[in-house]
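Open the structure in your viewer and keep the selection tool at hand. The stops below say what to select next and what is there.

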Amino acid sequence: MPLLLLQLRGLLSRKPFLNPCFLYSLGSAFSFSYIPDSTESHYDLLLKSADGLASLRQIHSPLVVSGIVSQSIHLGAQLIAGYAKYGEPTSARSVFDHLIGCRNETSSFLWNTMIRAYANAAGCSYEALELYSLMRRTQVSPNNYTFPFVFRVCASSEAGSLILLGRVVHGEAVRAGFDSDLHVEAALVHMYAKWGEFGDARKVFDKMVERNVISWNSMLSGYTQNGQASEALILFDEMNDSNVEANAVTALIMVAACAYLGSLRLGRKFHNFVIDRNFTVDKNLHNALMDMYAKCGDLKTAWEMFNSINPSMRDASSWNVLISGYGMHGHGRETLNMFSRMQAEGVDPNHITFTSVLSACSHAGLVNEGRQCFDEMQKLSVAPEAKHYACVVDMLGRAGKLQEALDLIKQMPFPPNDAVWGALLLACKIHGNKELGQIAADKLFELQPGHTGYYVLMSNIYAASQRWGEVGNLRQYMKNKGMKKPAAFSVIEFGEEIHGFHTADREHPYWEEVYREVEILAVKLKMAGHVPDLSCTLHDMEEEDKELALNLHSEKLAVAFGIMRTESGMTIYLTKNLRVCNDCHSALKFLSHIFDREIVVRDGNRFHHFKGGVCSCNDYW
């Protein structure tokens, strides 16, 4: 054995070096470095078997004092990854800095390992980007492993909208010649899709020579998370045609898309897809299916799926899905009962639980119970966030306790956001309080000057009190700023058919038949005692024109079409993108009685089950 190797082996068995970098310097003098395979393999196995932070530190210590860690990039990377795994990115960075300082490392391997550690650690997005910048300044060349980590960070929500930086780095996923690498392309698709930049995401996606399931899932997830579930469904069909095998992640994304659309038919289709493909239904997919059924109006199946979970396996997420589902369907008492059961079974509620319970109390008018729930947060050490205050303000406001709601806002320990002021503004609209409404609106116009919905709400408050001058001024301001009122849109689903209607729709192929049916329904409604609520038009027009405008609301067109095309006695399911107006709410109650039909409506706030002339919301929504 060469003399140098014998000397090195002897050094490894002695007391710690004063300078751990000595081995590296000695090796460099002979143009190579060496760590005995058996020693490196021994520590490699130890690092892989580390089962916690304490054992990792125990292994790290002799590696430092012996100088072995300074000699082995592989072991150094193992330590960095280990510390990152156990939530210690600072310790990981300490190892990285030591190795770079000792070795003057120009290889990208250690840099990639550390950037990856930051990318995977919560709250370290900026550190990852700073390290990438340092990597470039020290002239270490990034490669096809570096870029995916950087793009993932750029796409992360905690880092804010870093799309401009992502574009810069993309220009670098091109000059370095890695823009055709499968992993780089997939990361680019994910980044652009995550931020709703679907034009750029689709450009990268369409030019990919090879698309794996990860690439498809990135596009599907981007569409779904940005409210373009219909596009996700179209893309899923393209994926099937491309012969790429979907996986459980694909199913999870598509179930979420069905939940967004409120399409029970499609939701059942994808549930069957999961069963047919024999996918493993883990906790996340099971909860997603429960959530889909609840959001598509089938609370019974959601409840059955919840009961199929072994009680010992139910975690907070499982309870939250069901609690949220019952809350959005207006079952306030049942929601509170499940909240109590959750705690009785030893599952601690979290901030999501309290949001759902407070929202349920708001929709059901359970003010005292909601107050108690809000107080209970403190006892369970769950700090109230802005969303919890928004729920309580909404609850108090809907109950007509507007001054109490305003007082709560003034007592908040942090500045109220637009959700809080928006809840107060909606309550002012419901109760016609233009003075407090103006206060809320002024705050909202400061916080969200481009949010059309808040201007529309304030305009409605003015219109309800016949202040047409203010209505005109506000609408002119919106016009000057290029703001448009969101168009009402209702979707009805039956059998294999899905039909959508805008207000006063003349584009649907059967619009003429639907209009004739609406006229017939209007006569039947009046004969049954329905009095049109003309205030819901919120326009300065003749009463006859107001009645006509009310008759052509999107949900009335959808229900008329459903009555025309479905068998007697069938439940009519429809989804509306905005809140149901008072007149339509009253009309649907009458129609459910006249035709002896259940009409289930999911509007922008909650579910309404109309049956026998009454609504599940008890006229409180």
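There are 26 salt bridges, each a side-chain nitrogen of Lys or Arg within 4 Å of a carboxyl oxygen of Asp or Glu. The model is predicted: local features need pLDDT of at least 70 and side-chain atom pairs count only at pLDDT 80 or more, while totals for chains, interfaces and linings use all residues. Residues are numbered from 1 along each chain as its sequence is written, and side-chain values use heavy atoms, leaving out hydrogens and water.

Select E185 and K207. Their closest N and O atoms are 3.5 Å apart in a salt bridge. E185 belongs to helix α12 (residues 182–194) and K207 to helix α13 (residues 198–207), so the pair ties together parts 22 residues apart in sequence; helices are DSSP runs of H or I, at least four residues, and strands are runs of E, at least two, numbered from the N terminus. E185 is buried, at 3% relative accessibility, whereas K207 is partly exposed at 44%. Buried means under 20% relative accessible area, exposed over 50%, and partly exposed in between (1.4 Å probe, protein chains only).

Next, select R265 and E493, a salt bridge with its closest N and O atoms 3.8 Å apart. R265 lies in helix α17 (residues 264–276) and E493 in strand β1 (residues 489–494), so this pair ties together parts 228 residues apart in sequence. R265 is partly exposed, with a relative accessible area of 21%, and E493 is buried, with 14%.

Last, select E404 and R371, whose side chains meet in a salt bridge of 2.9 Å, N to O.
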